[in-house]
Protein chains: 2
Amino acid sequence: MSDKREHILIEAEKLFGERGFDGTSVRDIAQNAGVNLAMISYYFGSKEKLLESLVVYRAEYAYGILEELNKDQSLSPWDKIDRLIDFYVDRILNNLRFHNIMYQESTAVRSEEIKQRIFAIKMRNLDQITKIITDGQQKRLFRQVDIPMTVGTLMGTISYYTQSRTYSCNILAIREDTDDESYRATLSPRLKAHLKQVMRAHLDIRNDSGQQPYQPQG
Amino acid sequence: MSDKREHILIEAEKLFGERGFDGTSVRDIAQNAGVNLAMISYYFGSKEKLLESLVVYRAEYAYGILEELNKDQSLSPWDKIDRLIDFYVDRILNNLRFHNIMYQESTAVRSEEIKQRIFAIKMRNLDQITKIITDGQQKRLFRQVDIPMTVGTLMGTISYYTQSRTYSCNILAIREDTDDESYRATLSPRLKAHLKQVMRAHLDIRNDSGQQPYQPQG
DNA sequence: GTTTAATTCAAACGTTTGTTTAATTTTGTG
DNA sequence: CACAAAATTAAACAAACGTTTGAATTAAAC
């Protein structure tokens, strides 16, 4: 990928994340990237194709990390859960802006192609986490849980604190204009500690006091 | 509130929820509501003011329910948690479209007034849930947890399954064009069962195996 | 050095946007 | 009925939008 193309993608990501897809004009992107307006069409074809390129670009970016984590035989299922939480919190907080676009896919994105790409990424993540949890269950460490819902709890909790800066800054007791770096440094350990506590209690087979998870019929 | 004004709000909510705020034109709203284009400005002043009216309208809609739940002395903290989960799952699933707008506030909404209103609603909810949890802690039923993060887990999990219809329909093993009624009927019990399981394990003082929640410094 | 292709640019394109205007119709009141 | 206020309408408004054009410039190839 050419430097200029990549540069446009990065700048577009910033703006999309801050103002949303519709809230960002191609003129904004061109100006922020320091290129001529027509270059967006020239490089990407259209504004929507630019977003699609961004999704592909970011999806490839973290490719394989989860796969490696899964293959690592030296780690216990509990270790893997901890690493998983660290990975996702770091990854989402380091790609705050992009994640907001991805997450708001349902209403923010009108293109069917992009929706399909985002869907594929989500399913791939679900597959990897499913492997970790079923492994823990086979080793009699984890109890029976609703795995897709558990993934939703993991991702949803993180997302809840990336969607509204006003709210999360208030919870964190920091100024709303705090820079991204400090914001992450405050939010990250707290999110990780909470999620690890939740997942430990939720997955631990010793906490199975007779409740059974939801069993889909048919 | 006049019938026509309310009717416009309901139709606008549908469209905002389906296509997003920016994806919906005032012409769309006028057409769907069966009123003249100029009536939106006439009744609400502007498109943004219309959204603000919608937020106020929906916030009032469920006013007091959480307060009542809290005051009910006949319910144990565990009962209250169950009712809380039922309440939020039902409420969000029954106002899917509106909730998506509220939730995407950070990027979807540009108006500072609306952001403040949404923030106020979130803080009010947090206050009520905090009361329930601290009550359970004082009664030695709940352990020490990060309460705002716990609220994030509750709301975030639900939201994760309301943001992307493609994904959640796939998880639920139902057709994507399933009507809202059937969609809710499938998703609701599963979400409730999962969240109750998570919250039981997370809050139960007997599951406190030495882990301490995050303690903010200063 | 010449030629060909790729890149960059200012300008303009046709739409769509939210909003306003000014005339008209409906409604409520005495 | 008469009159004033409220409600409704079609039409027009200026601004912003994504995209395209065609000429100008730069880079690459031989």
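Which element gives the largest share of the surface near DNA strand C?

1. That would be α3(A), which supplies three residues of this surface. Keep in mind as you look around that this is a predicted model.

2. Staying with DNA strand C, there are 16 residues around it, and the ones that come nearest are Asn36(A), Ser25(B), Ser41(B), Ser46(B) and Lys47(B). Two or more residues each come from α3 of chain A and, on chain B, from α2 (26-33), α3 and α4 (47-61). Sorted by class, the surface near DNA strand C has eight nonpolar, four polar and four charged residues.

3. Now turn to DNA strand D. Here α3(B) gives the most to the surface, with three residues. At least two residues each are supplied by α2 (26-33), α3 (38-44) and α4 (47-61) of chain A, and by α3 (38-44) of chain B.

4. Of the 16 residues around DNA strand D, look for Ser25(A), Ser41(A), Ser46(A), Asn36(B) and Ala38(B), which come nearest.

5. Next, a helix pair within chain B. Helix α6 (residues 77-94) packs against helix α9 (residues 112-138) at an angle of about 155 degrees, their axes 9 Å apart. So α6(B) is roughly antiparallel to α9(B), and the crossing is left-handed.

6. Who makes that contact? On α6(B) the residues are Pro77(B), Lys80(B), Ile81(B) and Leu84(B), and on α9(B) they are Ile129(B), Ile132(B), Asp135(B) and Gly136(B). By class, the contact between α6(B) and α9(B) has five nonpolar, one polar and two charged residues.

Note on methods
Residues are numbered from 1 along each chain as its sequence is written. Chains are lettered from A and ligands numbered from 1 in the order in which they are written. This is a predicted model: local features need pLDDT of at least 70, side-chain atom pairs count only at pLDDT 80 or more; totals for chains, interfaces and linings use all residues. A residue is near a molecule or strand if its C-beta atom, placed from the backbone, lies within 6 Å of it. Helices (H or I, at least four residues) and strands (E, at least two) are DSSP runs, numbered from the N terminus. Axes are lines fitted to C-alpha atoms, for helices over the stretch in contact, and angles run from 0 to 180 degrees between N-to-C directions. Angles under 35 degrees count as roughly parallel, over 145 as roughly antiparallel, 65 to 115 as roughly perpendicular and the rest as oblique. A crossing is left-handed if the near helix is turned anticlockwise from the far one by less than a right angle, and right-handed if clockwise. Two residues are in contact if their C-beta atoms, placed from the backbone, lie within 7 Å. Ala, Val, Leu, Ile, Met, Phe, Trp, Tyr, Cys and Pro count as nonpolar, Asp, Glu, Lys and Arg as charged, and the others, Gly among them, as polar.
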